[in-house]
Amino acid sequence: MKNLDLNLLPHLQVLLELRNITRAAERLQLSQPATSAAMARLRRHFDDELLVRNGRTYDLTPFAQSLVPLVDEAMLHIQRATRIRSGFDPATSEREFVIAASDYAAALIVGPLRGILRDEAPGVSVDFVPTTGFQGQLADYAKIDLLVGPTGYRMQGLSKQVFRDSFVAVVDAGNPLLQQPSLALDDLATVPHAVGYFGEGISTPADRLFEARGIQRRVAAVVAGFLSLPLLVEGTDLVALVPGMLAARAQRGANIAVLRLDGDAEASLVEAMYWHPSQAEDPASVWLRSVVQRSCSRLEELFPATTHPLIIHTADTT
């Protein structure tokens, strides 16, 4: 360890992440010459260029790519070791927590969570960041305190289920589909769909519901995540399948109809919170998880959906 100044470790982590000295300097709140000097010292220590120019951008060398998970894991343990206290008093703490969550989960959780912070921990702040780029590996927890995401995607770390939701279909309140005497999944295949995209090869429970029936949807619009889908269908002929509590939240300001799926067990969504094993007994982390758990326990009460009398029949009749 005496051969490397450990103060350079945060510089290394940011440089490997951003692959740009100017942006790294901004993130580290250092001058560009100081960041360049740190880069030079790191290159000498590892005897590797780490970053190599590729046109107008920089790429990581193969050796630097191998360092990424090791550096993230090392920073995680350093941060945990320096943050942990024998006790944690939320009433007097000014701790800043970071939670990674999808736009959908954050939209539901932020309200009740802020209410708890206002009453119990006025000096504590919780920042929500997107889960983009998170692979569910332990090294991902180096930059966050907690992750809220769906189960079934092999996320590493410790976890606890926090809430369950069921998918519904949302359409504009004037959509002609609502005049049908009955609807089946096959009927939905005749209208254009708006769908959320979550990454290459990632399918949602709603996607799998159609796939299991062998039904090919007419995808007319693709957006990142679920959050904008209810607003996207308003005033159009589009239909979208979204989590029910998100649809209920959108109903407050959008002229949409919500259709229940009668066999929605296959299209249910279970969200859990995930954390690094090293945080298991940290008093601050234990408190944060209790706040998220209590916030999620109120979601069904806060977001009840008003569904249209027309129900979509999902049973396979073939």
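**Cavity, pocket and salt bridges in the predicted model**

One cavity of 30 Å³ or more was counted in the protein, which is described here from a predicted model. The largest cavity has a volume of about 70 Å³. Its lining consists of His-193, Ala-194, Val-195, Gly-196, Phe-198, Thr-204, Ala-206, Asp-207, Arg-217, Phe-226, Ala-240 and Leu-241. Two or more of the lining residues are contributed by each of strand 8 (192–197), helix 7 (205–213) and strand 10 (239–243). Strand 8 supplies the largest share of this lining, four residues. Sorted by class, the residues around the largest cavity are seven nonpolar, three polar and two charged.

Asp-207 and Arg-217, both found in the cavity lining, are joined to each other by a salt bridge with an N to O distance of 2.5 Å. Asp-207 belongs to helix 7, whereas Arg-217 is placed in the loop between helix 7 and strand 9, so the pair ties together parts of the chain that are 10 residues apart in sequence. Asp-207 has a relative accessible area of 14% and is therefore classed as buried. Arg-217 is also buried, because its relative accessible area is 15%, and the cut-off for this class is under 20%.

The largest pocket has a volume of about 800 Å³. It is lined by 28 residues, of which Thr-131, Thr-132, Phe-134, Phe-198 and Ile-202 are the closest to its centre. Helix 5 (103–120), strand 5 (146–150) and strand 12 (268–275) are the elements that each give two or more residues to the pocket lining. The largest share, four residues, comes from strand 5. The lining of the largest pocket comprises 16 nonpolar, 10 polar and two charged residues. Phe-198 is listed in the lining of the largest cavity and also among the residues closest to the centre of the largest pocket.

In overall terms, the protein contains 11 helices and 13 strands. Its C-alpha atoms fill a box of roughly 75 × 50 × 30 Å along the principal axes. Of the 318 residues, 46% are buried.

Helix 1 (8–18) is mostly covered, with nine of its 11 residues buried. Among these buried residues are His-11 and Gln-13, together with several leucines, including Leu-8, Leu-9 and Leu-12. Arg-19 follows helix 1 and has a positive phi, near 55 degrees. Asp-5 is located in the segment before helix 1 and is partly exposed, as its relative accessible area is 32%. The C-alpha atoms of Asp-5 and Arg-41 are 9.4 Å apart, while the two residues are separated by 36 residues in sequence.

Seven salt bridges are present in the structure. In one of them, Glu-17 is paired with Arg-27, with the closest N and O atoms 3.3 Å apart. This pair links helix 1, which holds Glu-17, to helix 2 (residues 21–28), which holds Arg-27, across 10 residues of sequence. Both partners are partly exposed: Glu-17 has a relative accessible area of 37%, and Arg-27 has one of 43%. A further salt bridge is formed by Arg-298 and Glu-301, whose closest N and O atoms are 3.8 Å apart. Here Arg-298 is partly exposed at 36% relative accessibility, whereas Glu-301 is exposed at 56%.

Val-222 is part of strand 9 (residues 218–224). With a relative accessibility of 53%, Val-222 is classed as exposed, because that class begins over 50%.

Definitions and conventions. Residues numbered from 1 in each chain as written. Predicted model: local features only at pLDDT ≥ 70, side-chain atom pairs only at ≥ 80, totals over all residues. Heavy atoms only, no water. Buried < 20%, exposed > 50% of the residue type's maximum accessible area, 1.4 Å probe, protein only. 1 Å grid on protein atoms, 1.4 Å probe; cavity = no way out; pocket = protein on both sides within 12 Å on 5 of 7 lines; lining within 4 Å. Points joined across faces, edges and corners; volume = space filled by probe spheres on them. Nonpolar A, V, L, I, M, F, W, Y, C, P; charged D, E, K, R; others polar. Salt bridge = Lys/Arg side-chain N within 4 Å of Asp/Glu carboxyl O.
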